[in-house]
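Here are a few friendly notes to read alongside the model. Take them one at a time, and keep the viewer open as you go.

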Amino acid sequence: MPVSLRRVTVFVLALLPLIYLLQAVIRIQHGEWNLLGPEPGRAIVFFTGTWAFNLMLATLAVSPAAKHTGWRWLLQHRRMLGLFTFFYASLHLLAYSALLLEWRWLEISQELIERPYLTFGMLSWLILLPLALTSTKGWQRRLKRRWKSLHKWSYPAAALMAVHYLLQIRSSWFEPVFYTILVLALLGLRRWSLLPASKERLSAE
Amino acid sequence: MLIRKDRFSTPPSSEITPHSVYLKRRHFMQAGALSLLAAASPVRAVIDADNGRDLSSPAWLAKQVSSAKPFTGETKEALTPYDNVTGYNNFYEFGTDKSDPARYAHKLTTDPWSVTVSGECENSGTFALEDLLAKVQLEERVYRLRCVEAWSMVIPWIGFPLAQLIKQCQPNSRAKYVAFETLQRPKEMPGQRSVFSTIDWPYIEGLRMDEAMNDLTLMAVGLYGEMLPNQNGAPIRLVVPWKYGFKSIKSIVRIHFSETMPATTWNLLAPNEYGFYANVNPNVDHPRWSQASERRLPSSLFSPNRIPTQMFNGYQQQVAHLYKDMDLERYY
């Protein structure tokens, strides 16, 4: 499959959750008021948060998958997956501010400061923001080697997402713990494969 | 002299939709919605029509519920639609998702049902539900229900004051608290089989004796003029409208009178988040969210229907005296 066709496929697949959401919103506005339950705003906040996390995991999975399968072409799609992570995380933040807190700025800022789980979620988004802004080829050229170390900040961003989710456990811990294990596994894979590389670098200096 | 006693619902008169009018409107809307849905997708219409309804409780109870004294008080607030009350709630015995209770509770056997009374009382023993209910007159009451998660509903319950049941049990002078226990039957309650749950079953809740004897405290056996659906705590549940919803324990099988404060499920699980009293209080936040306001359901997408939360859920006139010397920030 030529790369452009693969790019379109990834783009459409990553867009499917949003398409699902948009059709739900349209149907709700057309009278199917109970489609997402009696708290549609809350449902949308949860849905976008879940998909931000799913795409974060997909983005982190690209390089180990490429390494293990030998399919180098997988790396050509990492940028788009990363950008979709930021896109759904932003929708999540927007939905929280608009649909749950109705743009009450004072309340939004208070909540973000006072509730640790929200602080961690917000920090994660704040890390993703510069990564999304510098995702272009131009910035990659301008930042040279620093670009790579900058984009390693996606690791703490993923860890913060896990903390954001873990802190919300009430009585059922399956999903937050499952996601956390996936994050740890994906970061752990890097640790093992990065170690020799960093040793090399050390010895070279 | 005529003394008018404010019985329970503080909101002033004349604004409630009478139940019959509500039902008419509901039928009208249902008919409209169903015809629309039928045109679009006949399968869905059939599913929606009997969404979550499993009112298989015994005929004697149905009869008693249908002859309940109708609601005579008044409230300004619109009732939360039946489908939301029965399709969106917490009953962790059936799962932690709010749609789980409606999905799984039909497996629960609610007849025969008995309640065991124990502890500091004269009349202990195990009683068939029928015998307990034979001595009470059911009535309808419209209450606000405020969940600790900051959403709220307005629900027309059918039940009787808990005080009437307590009198039947004849608690002695040592009885300072009353505890309640939910059924534990993992075979019929998938949430109790879950290995991911940190709850120690059975679910236990409790009240101080004066709270339990307050006229607002209701034992409910019905909802919206019908019997309680299983997901809402059939066949008998507690309703304590000035406390967060988790105090209103469902599907009660045991009532225990004690001299000491009972250990309660959510308090054991996370004492910094869920106090024993759990009075609705806009001034004391849950550690993870503010309690100053609530989302009255149903909410629409672009206006979440957030309203300020009232002290004691708006029932301060009837219950504030119970806590007059207490620091409610400490005893939350």
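1. For chain A, the unreviewed UniProt entry lists residues 48-161 as "domain: Ferric oxidoreductase"; UniProt positions follow the numbering used here, feature names are shortened, and annotations may be inferred rather than shown by experiment. Over residues 48-161 of chain A, the chain is 83% helix and 0% strand, with its end C-alpha atoms 13 Å apart. Helices (H or I, at least four residues) and strands (E, at least two) are DSSP runs, numbered from the N terminus.

2. A word on the ground rules: this is a predicted model, in which local features need pLDDT of at least 70 and side-chain atom pairs count only at pLDDT 80 or more, while totals for chains, interfaces and linings use all residues. Residues are numbered from 1 along each chain as its sequence is written, chains are lettered from A and ligands numbered from 1 in the order in which they are written, and side-chain values use heavy atoms, leaving out hydrogens and water.

3. How do α1 (residues 3-29) and α3 (residues 78-100) of chain A cross? Their axes come within 11 Å and cross at roughly 15°, which makes α1(A) roughly parallel to α3(A). Axes here are lines fitted to C-alpha atoms, for helices over the stretch in contact, and angles run from 0 to 180 degrees between N-to-C directions. Angles under 35 degrees count as roughly parallel, over 145 as roughly antiparallel, 65 to 115 as roughly perpendicular and the rest as oblique. Residues making the contact (heavy atoms within 4.5 Å) include Phe11(A) and Leu15(A) of α1(A) and Phe84(A) and Tyr88(A) of α3(A). By class, this contact has twelve nonpolar, no polar and one charged residues. Ala, Val, Leu, Ile, Met, Phe, Trp, Tyr, Cys and Pro count as nonpolar, Asp, Glu, Lys and Arg as charged, and the others, Gly among them, as polar.

4. Now follow α3(A) to α5 (residues 116-133) of chain A: the axes come within 10 Å and cross at roughly 135°, so α3(A) is oblique to α5(A). Among the residues in this contact are Phe86(A) and Leu93(A) of α3(A), together with Met122(A) and Trp125(A) of α5(A). The classes here are eleven nonpolar, two polar and no charged residues.

5. Next, some backbone features to look up. Most residues other than glycine have a negative phi, and most peptide bonds are trans. Lys144(A), not a glycine, has a positive phi of about 50°, and Phe312(B), also not a glycine, has a positive phi of about 50°. Lys144(A) sits in the loop between α6 (137-143) and α7 (145-151) of chain A, and Phe312(B) in the loop between β12 (306-308) and α11 (316-319) of chain B. Are they buried or exposed? Lys144(A) counts as exposed because its relative accessibility is 64%, while Phe312(B), at 5%, counts as buried. Buried means under 20% relative accessible area, exposed over 50%, partly exposed in between (1.4 Å probe, protein chains only).

6. Chain B also has cis peptide bonds to find. One runs from Asp111(B) to Pro112(B), with omega near 5°, and Pro112(B) lies in the loop between α5 (100-104) and β1 (114-119) of chain B. Another joins Trp201(B) and Pro202(B), with omega about 0°; Pro202(B) is in the loop between α8 (190-193) and β6 (204-208) of chain B.
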